[in-house]
Structure formats: structure tokens, C-alpha cells
Amino acid sequence: MEQQTAIRMQNITKNFGQVLANHNVSIDIRKGEILSLLGENGSGKTTLMNMLSGIYYPDAGKIYVNGEAVSIRSPEDAFACGIGMIHQHFKLIDVFTAAENVVLGLHGKDANLKNAVSRIRDICEKYGFEMDPSQKVYNMSVSQKQTLEIIKVLYRGADILILDEPTAVLTPQETEHLFQVIRNMKKAGKAVVIITHKLHEVLSVSDRVAILRRGEYIDTVATADATVQSLAEMMVGKKITLNIERPPVQNPKKCIEVKGLTVESQDGVRLLDDISFTANSGEILGIAGISGCGQKELLESIAGLQKVSAGTSILYTAPDTEVSVELVGKNPKQIREMGISLSFVPEDRLGMGLVGAMGMTDNMMLKNYRRGRTPFAERGEPRKLAEKIREELEVATPGINVPVRRLSGGNVQKVLVGREIAAAPTVLMTAYAVRGLDIHTSYTIYHLLNEQKKAGVAVIYVGEDLDVLLELCDRILVLCAGHVNGILDGASATKEEIGMLMTHLQKEGSSDAK
Amino acid sequence: MQSKAETISAKKKYREPLARIAKRDAMPVLLSWGIRAAAVLLSLIVSAVVIYSITTMNPLKVYGAMFEGAFGSQRKIWITVRDTMSLLCIGIALAPAFKMRFWNIGAEGQVLVGGIATAACMIYLGDVLPTYALFIVMIVSSCLAGALWGAIPALFKSRWGTNETLFTLMMNYVAIQITSYCVALWENPYGSNYVGIINPRTKAGWFPEVFGKQYMLNVIIVLTLAVGMFIYLRSTKHGYEISVVGQSENTARYAGINVGKVFVRTMLISGAVAGLTGFIAVSGSSHTISVNTAGGRGFTAIIVAWMAKFNTLTMMLISLLLIFLEKGANEIASNFGLNDFASQIITGIILFFIIGSEFFINYRIIWRKKIREAV
Ligand SMILES: Nc1ncnc2c1ncn2[C@@H]1O[C@H](COP(=O)(O)OP(=O)(O)OP(=O)(O)O)[C@@H](O)[C@H]1O
Ligand SMILES: [Mg+2]
């Protein structure tokens with residue numbers, strides 16, 4: 001099939017104040033093709049695509065759709081051009097059904113609900129979706145919501161689909177299914193742009209890869225000619241080594257001992273059921289599991305943020321004095337006052353770990369602003385720490401007092417991880433520490449975790465990428481529906497084994513939890 | 001669908017929008033105040049046109065009269081100052097609550113109960129206690145009354161998650177009813193339904209003159225509070241906690257902050273300052289109490305707090321402006337036989353421009369470049 005150009009972006013430039021998000025970027029998007037857009041955090045991928053979806057308007061440059069110059073000033077304009085974008089944050093109304101969400105904002109015949117239901121069924125059949133048009137959004141999983149977003153843009157007649165980091169929130173199985181759907185779209189002659197930081201996904205799904213670096217267009221290469229290594233080097237602009245080391249465990253000591261941890265939701269559903277394990281100092285304990293099977297509650301229980309049921313015991317043993325204390329029933333402040341330095345990088349970075357409206361300095365104070373005897377908060381130390389983290393972790397920010405929510409995802413994470421590590425923890429818990437981070441930054445984070453391990457910290461790493469878990473962690477605890485479904489040795493376990501344990505609950509008692 | 005898409009795209013040939021809006025980086029402070037000043041100037045010009053077109057009066061004369069109304073004589077100046085201080089003091093009270101995103105709509109009631117407490121002290125203890133003791137008792141009791149009024153909704157919110165906006169609003173009506181009751185209790189002369197001036201002869205519990213000025217003490221107290229609150233919010237640990245709780249309760253919990261406690265503590269402070277405003281109003285200016293002691297300032301102060309972005313120093317300017325407009329409006333209403341509405345139009349126009357200027361401070365507008373060049 002002759003490949004026609006669906007969209008041509010020519011010399012696009014976009015500034016945000018002093019930040020040059022895109023500079024003279026020119027790319028082609030072809031029909032019947034899957035194009036990956038690749039670049040480090042903050043390299044301008046989302047911004048570039050937002051100019052196609054009508055969120056931003058370019059400062060300079062032109063956009064051609066099917067060879068015709070267009071100006072896209074709003075999402076409606078984008079739809080009129082046949083462009084539909086699936087954003088990272090879904091824009092759905094929870095109390096509406098799938099079909100109601102699809103027709104929302106449309107007029108005339110398109111808005112007819114009965115019509116819509118049958119057309120949604122057609123779309124599902126054509127591309128291989130599974131979706132019940134009458135299901136309410138609040139009953140949907142993340143992956144179902146994403147499917148609904150895709151259906152929404154297809155219903156509006158989009159021929160060009162843009163997906164911004166769609167796989168960041170999906171399990172490997174869901175990702176594979178999504179890719180199947182995308183391939184079907186490609187077969188139907190649609191143009192698909194996918195943004196992802198996972199290079200193996202780029203290699204498996206796309207036809208061509210366009211690379212941005214610091215807002216500049218670098219090159220477009222055929223996926224067939226690319227390797228993980230070559231793509232990573234093009235993104236970063238220099239040679240980088242991509243392997244995760246696993247230094248041998250030195251002198252492990254029991255640090256956190258969880259016994260019979262049970263957590264119930266407000267409606268009495270058991271989110272965690274009788275969890276027992278130990279985390280040792282000088283070791284990285286990985287926690288694997290499909291999303292929402294209790295990882296969040298597990299970490300928050302240890303951090304003193306989650307109400308646990310009676311009978312739970314979480315013992316902390318200080319590495320130096322070997323004195324054990326019970327953590328259950330203590331809040332984060334009390335835990336800190338007992339002299340325990342427990343660091344926690346939560347999943348929700350801006351909603352829990354940081355204050356988005358504050359700058360780096362004020363965020364550094366978050367956990368130890370009580371220091372000192374005067375009623376005044378001391379800002380000198382935090383400022384120094386902020387400067388140090390900015391320098392050492394190469395945080396890209398216009399200034400340490402710029403609100404952190406204005407930073408790109410990767411930089412926000414660096415600020416959070418940097419602060420938690422700077423607290424000289426004895427226990428470091430991270431939830432999805434590299435979600436949404438580019439490969440370079442991800443490896444920086446792995447390196448930092450290994451440094452902590454070598455310093456004798458008990459590291460608990462909740463992750464979703466099984467390859468990384470297997471490479472990084474000394475032991476891997478697999479959660480399944482709130483149960484411990486096995487604890488494996490990181491060096492000998494296989495991906496299949498873990499995948500199996502993640503989805504199939506072992507019979508009670510047969511799990512060999514140590 | 002298909003046909004619709006085609007018609008739209010046919011219509012939408014390449015054409016850059018006429019104007020676009022983009023967010024600015026932080027603007028130099030001087031420039032932003034320049035823009036605000038320009039907005040005030042512009043609003044005066046627009047108001048002038050409006051005044052002329054509906055009344056055919058010389059706008060300059062009208063403005064002159066407004067100025068006259070607020071600053072025309074020593075006495076007028078001091079009344080303007082007194083009322084500015086009273087509005088500012090409520091604004092100071094609201095600052096910590098609003099910074100915590102706790103919508104305290106109940107300053108009106110908190111001021112009233114503070115006023116009642118003060119009046120009660122003056123009536124019952126005026127002849128009993130020596131002056132210094134009386135003042136201590138008045139200050140403490142008015143603060144306690146206001147703090148109680150503020151803390152009840154906070155306590156309910158932290159315990160049972162009640163909505164503070166409705167709760168504080170309803171507390172106003174309770175306070176008004178209590179005031180009515182007290183007015184009936186203390187009315188003087190009997191049957192007048194007014195409390196009348198309290199302790200007119202002994203002046204017990206009245207603010208003393210300072211530097212020979214009647215309202216100087218009001219100024220000193222309120223300006224001290226403004227500076228104190230500014231420091232409290234900006235530099236103390238409490239102030240930091242308030243910001244964190246206001247931005248994200250989840251983050252606050254993560255940091256080990258007891259959110260409920262911060263709610264209650266901050267509303268104790270907010271209510272106490274509002275109660276103190278009641279004390280100043282009764283002891284330091286009207287020397288009487290009525291349901292109008294707060295006079296709607298509890299609500300006007302919400303505008304002050306927002307326009308100042310909870311910065312108590314900026315509030316000084318904004319309170320002064322609002323009180324100036326109020327006095328000026330009253331003056332032209334009585335001098336030119338215009339009704340209140342004419343003066344309210346002017347106030348509206350001026351506020352509109354000032355609030356509107358914030359848009360130009362935060363955003364910039366990019367106009368379409370030469371069309372020829374683009375095509
Ligand atoms: N609305 C905005 N205001 C100010 N700066 C912005 C805005 N949106 C993006 N930026 C800046 O523009 C640059 C590019 O951001 P963009 O979100 O496009 O990056 P990205 O490649 O999508 O990164 P990521 O992989 O982290 O999602 C970043 O430096 C970012 O801080
Ligand atoms: Mg992005």
C-alpha cells in the first residue's frame with residue numbers, strides 16, 4: 001500500500017515563558033502506520049501532540065492535514081481534522097455510562113443514545129475492544145477507561161490517533177491487548193502516534209520512531225533498524241550503559257517484620273489478608289502484582305498512614321541497637337519521633353508526596369519542618385538541600401522556588417526521591433518509582449536505590465515492570481488479590497513464574513511464604 | 001459525521017486566530033503594580049464616561065466630591081481610617097482560614113459575639129474593675145467568644161467532615177439572634193430597642209486617646225496584627241502547616257500533620273482575631289452594640305482577603321480602597337441627589353478593572369501576526 005502523509009508538522013515552535021518546549025520541530029505522520037514519539041522527560045512530546053489536539057497553539061510553524069494547511073484552535077477543530085488524542089489523565093464523567101460519555105458534547109444524530117450504542121458495538125467489533133456501552137465509568141478499571149477514551153475518539157471519526165503514555169498504567173497483558181487493537185487500527189488505514197518511555201514497546205509495536213531531545217527534533221528512524229541501545233543513545237545524545245547491577249547482599253538483618261497484616265476497606269472488603277514477610281537491611285525486596293491488589297495499602301500500613309485490622313503486627317528493628325518496636329497504631333509523626341527514619345515515595349507524587357504549589361525548598365521541609373525549638377520554620381537548610389538535589393540529580397527547573405507542579409513528570413519524581421533519600425533512611429519504600437520516567441532517569445533511580453542498599457538500607461520496591469524487578473531485586477514478593485502468593489529469589493525466578501503468581505491465587509497454605 | 005467534518009475543514013482554511021492567550025512567567029513586582037495602577041486610572045476614565053452619560057454632571061466634580069467624602073476634613077479622614085482598620089482586621093482574621101482553604105464565611109458572626117462579650121464586660125464590669133483589668137477581661141473574653149464561634153465549625157469538620165461554608169454561614173444567624181436578645185436585655189432607654197452609648201459618663205471601657213487622637217489605638221492594634229499575621233503565615237511552622245493542609249490534606253497526613261488539629265487551631269486564631277474586631281468596634285469606636293455592629297464587613301472582608309491573595313500587608317491598601325469607595329459613594333449620593341445605585345456603579349466599575357488587571361498580570365495576549373506574511 002502506498003503510504004500517504006496524514007499530518008505534516010513543519011518548523012513548529014512553542015514556548016512557555018522562558019521554556020522552549022519545542023523548537024523548529026518537523027515530523028510526518030503517515031496513514032496506516034504506527035509512529036512512536038520518543039524523548040526524555042520534558043523533551044516536549046506532550047506539548048507537540050497537544051498542538052495537534054487543539055490544547056495549545058504553536059508560536060510558529062505550520063500544520064498540514066492531508067496536505068492542506070490547517071489551524072487547530074480547539075479540540076473541536078482537531079476532531080474536524082480527524083485528530084483524536086487520548087491523554088494521560090482521562091476526561092470521563094464517573095456517574096455516566098460508557099455510551100453517555102461517548103456522546104457527551106455531540107449534537108444531532110451523533111448524540112442519539114440508541115444510535116450510539118449500536119455504533120459503539122460496531123467499533124468494538126471492528127477493532128477488537130471489549131466494552132459494555134451501559135457500564136458506568138466508576139465501575140471501570142483503568143484499562144477499561146482507556147478503552148472508552150479510544151472509542152470516544154473513534155466515534156468522533158478520528159483517523160489519526162495520538163496516545164500519550166497509554167501503557168504507563170497498564171499491566172503487561174493489558175498492554176499486549178492494547179497493541180493488538182492499535183495494530184488493527186493500522187490495518188484499517190488509520191495513523192497512530194504513541195508516546196511511551198518503554199523502549200521494548202517501541203520496538204514491538206511501531207513502524208517508525210521519531211526522537212525529540214530538549215525540544216529539538218533529532219531524527220526519525222525505521223523501527224526495524226533500531227535497537228534499545230541505539231534509541232536510548234539518540235534520546236540522551238551520548239553513550240549510556242543500560243544494565244542494572246545487583247550488588248550482593250551484605251550482612252542482611254531483619255529490619256521490618258510484618259505479621260498477619262490485614263486491611264479492610266470502609267465497606268468491609270479485605271484489601272490485604274493476613275500478609276506476613278520480612279524486609280532486611282541491605283536488601284531490595286521487590287513487590288509484584290497487578291494494579292490494585294494491595295500494594296498501596298501495604299506500603300501505607302508500614303508508613304503509618306493506613307488503618308489496619310486487629311492482630312496485625314509490624315515490628316521495626318533498629319539496625320544499630322537491634323531494639324524492636326511496634327509500628328502499628330503510630331502515625332508518621334510518632335514514627336519519626338521514635339527516631340525511625342522511614343522514607344516513602346508514594347505513587348501519587350503531587351497528591352501525597354509533594355505539595356504541587358510549593359517550590360523545591362518548601363517541599364524539602366515537608367517532613368522535618370518541626371526541627372528547631374523556635375516557632376519559626378527554618379528555611380536555610382532546606383534551601384541548601386534543594387540546591388544540592390537540583391545539582392546532583394540534574395533536576396530541570398527554572399528555579400528552586402518554582403512550584404514543583406510546573407516541572408515535568410521525571411523532574412517531579414527526582415525531587416521526591418531526592419528528598420526521601422536525603423533523609424538518610426533505614427527503610428526506603430518506593431511505589432512505582434519510575435512510572436512515567438524516561439529510560440535515562442529510570443536508570444538513575446535504580447542506581448540510587450542500589451546505593452541505598454549498599455549503605456545498609458532496607459529497600460522495598462513496588463514495581464510493575466517484571467524485567468526490572470528481576471534484574472534489581474534480591475527477593476520478590478508477589479501479591480495477588482491481597483494475599484502473599486509467593487516470595488521468590490530475584491536471581492533465579494522467571495518472568496513466567498511471577499506472571500503466573502500475579503494472576504492465579506495459590507490454594508490457602510500451599511504458598512511457601514518465608 | 002463525515003460530511004460535517006468536511007464542511008468544517010473546508011471552512012477552516014489556514015487562518016491564525018486573531019489573538020491567543022499564554023501564561024506569563026512571574027512578572028517584576030514593580031511592573032505588576034504599574035499595571036494595577038493603570039487599571040485604576042482606566043476605571044476612573046470609564047466611570048467618568050458613565051457618570052457623564054447618565055447624569056450629565058462633570059465627572060471631575062463627582063470625583064472631587066468622592067475624595068471630599070473620604071478625606072474632606074480631619075474628622076472624615078479619621079472615620080475613613082477607623083473603618084479601614086475595622087475591615088482590615090476582619091481580613092486579617094480570614095487570611096489564615098482561607099489560606100488553609102477553609103471557607104470561613106462566618107466572620108460576621110464572630111465579630112458580633114466578640115462585640116457582645118465586650119459590651120457585656122463594659123456594662124457589668126465597667127464600674128467594678130480598674131481600667132487595665134477591664135481591658136484585659138474585654139480582650140480575653142472577646143477573643144474567646146470569637147474563637148469559640150470559629151472553632152465549632154472546624155471541630156465538626158475535623159470530626160464528621162461537615163461542610164464549613166454552610167456551617168460558618170449559619171453560625172452568623174445564631175450570632176445575630178443572640179445579639180438581638182442582648183439588645184433587648186440591655187436596651188437603654190427602656191423601650192427604645194437600642195442599647196445606646198454604654199458608660200457615656202464614666203467612659204469605662206472606652207479606648208483612650210493616644211497621641212491625642214481618638215482612633216490611634218485602633219490603628220496601632222490592627223497594624224500590629226497585620227504584621228504579626230504576615231509573619232505567622234510566612235515564617236512560622238504553623239504557617240507552613242496551614243499552607244500544606246490548604247494545598248493537599250493527603251500530603252499533610254503523609255507529612256505527619258494532624259489535619260483536624262490544624263483546622264481547629266487555625267480557626268481558633270481566625271475566630272479570635274474576628275472577635276477582637278468586635279472588641280475594637282464596640283470599645284474603640286461605636287461604644288454600643290447592635291446587630292449592625294459588623295455591618296456586612298464580615299462579607300466585604302472576603303473580597304479583601306481574596307484580592308490580596310491572603311497577604312495581610314496588601315490587604316491594607318485594598319481595605320483602604322474599598323472604604324474610600326464606600327465613603328465617596330455615600331458623599332456623592334447625598335451631595336448630588338444621586339441615589340446609591342449611581343455610586344455603586346462606580347464602585348463596581350473600579351473593582352472590575354482591578355480584578356481584571358490580574359488577568360493581564362498572569363497572562364499575555366499574542367496578537368495575530370501580519371496575515372499576508374502567513375499566507
Ligand atoms: N503548561 C506549561 N507551562 C509551562 N511549562 C510547560 C507547560 N507544559 C510543559 N511545559 C514545559 O515544557 C517542556 C516540555 O514539556 P512536555 O510535557 O511536552 O514534555 P514531555 O516530553 O511530554 O515529558 P514527559 O515525558 O515527562 O511527559 C518541559 O520543560 C515542561 O516543564
Ligand atoms: Mg508528557
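**Terms and their grounds**

Mentor: In this predicted model, H4(B) and H12(B) are roughly perpendicular to each other.

Trainee: Why are H4(B) and H12(B) called roughly perpendicular?

Mentor: The axes of helix H4 (residues 74-99) and helix H12 (residues 297-307) of chain B cross at roughly 65° and come within 8 Å. Angles of 65 to 115 degrees count as roughly perpendicular, and H4(B) and H12(B) are therefore described in that way. Their crossing is right-handed.

Trainee: Which residues meet where H4(B) and H12(B) pack, and what is the make-up of this contact by class?

Mentor: On the H4(B) side, the residues include B:Leu87, B:Ile90 and B:Leu94, and those of H12(B) include B:Ile302, B:Val304 and B:Trp306. By class, the contact has 9 nonpolar, 4 polar and 2 charged residues.

Trainee: What makes strand E13 of chain A largely enclosed by the rest of the structure?

Mentor: A residue is buried when its relative accessible area is under 20%. For E13 (residues 283-288) of chain A, 6 of the 6 residues are buried, so the strand is largely enclosed. Both faces are covered: A:Glu283, A:Leu285 and A:Ile287 lie on one side, and A:Ile284, A:Gly286 and A:Ala288 on the other.

Trainee: How do you know that E13(A) is joined to E18(A) and to E19(A)?

Mentor: Two strands pair if there are at least two bridges between them. E13(A) has 5 bridges to E18(A), running parallel, and 4 bridges to E19(A), also parallel. A:Leu285 stands opposite A:Ile460 in E18(A), while A:Gly286 has A:Ile476 of E19(A) as its bridge partner.

Trainee: Why does A:Thr441 count as buried?

Mentor: The limit is under 20% relative accessible area. A:Thr441 has 4% relative accessibility and therefore counts as buried. This residue is found in helix H15 (residues 439-454) of chain A. Leaving aside neighbours within four places in sequence, A:Thr441 is in contact with A:Asn41 and A:Lys414.

Terms used. Residues are numbered from 1 along each chain as its sequence is written. Chains are lettered from A and ligands numbered from 1 in the order in which they are written. This is a predicted model: local features need pLDDT of at least 70, side-chain atom pairs count only at pLDDT 80 or more; totals for chains, interfaces and linings use all residues. Side-chain values use heavy atoms; hydrogens and water are left out. Axes are lines fitted to C-alpha atoms, for helices over the stretch in contact, and angles run from 0 to 180 degrees between N-to-C directions. Helices (H or I, at least four residues) and strands (E, at least two) are DSSP runs, numbered from the N terminus. Angles under 35 degrees count as roughly parallel, over 145 as roughly antiparallel, 65 to 115 as roughly perpendicular and the rest as oblique. A crossing is left-handed if the near helix is turned anticlockwise from the far one by less than a right angle, and right-handed if clockwise. Contact means heavy atoms within 4.5 Å. Ala, Val, Leu, Ile, Met, Phe, Trp, Tyr, Cys and Pro count as nonpolar, Asp, Glu, Lys and Arg as charged, and the others, Gly among them, as polar. Buried means under 20% relative accessible area, exposed over 50%, partly exposed in between (1.4 Å probe, protein chains only).
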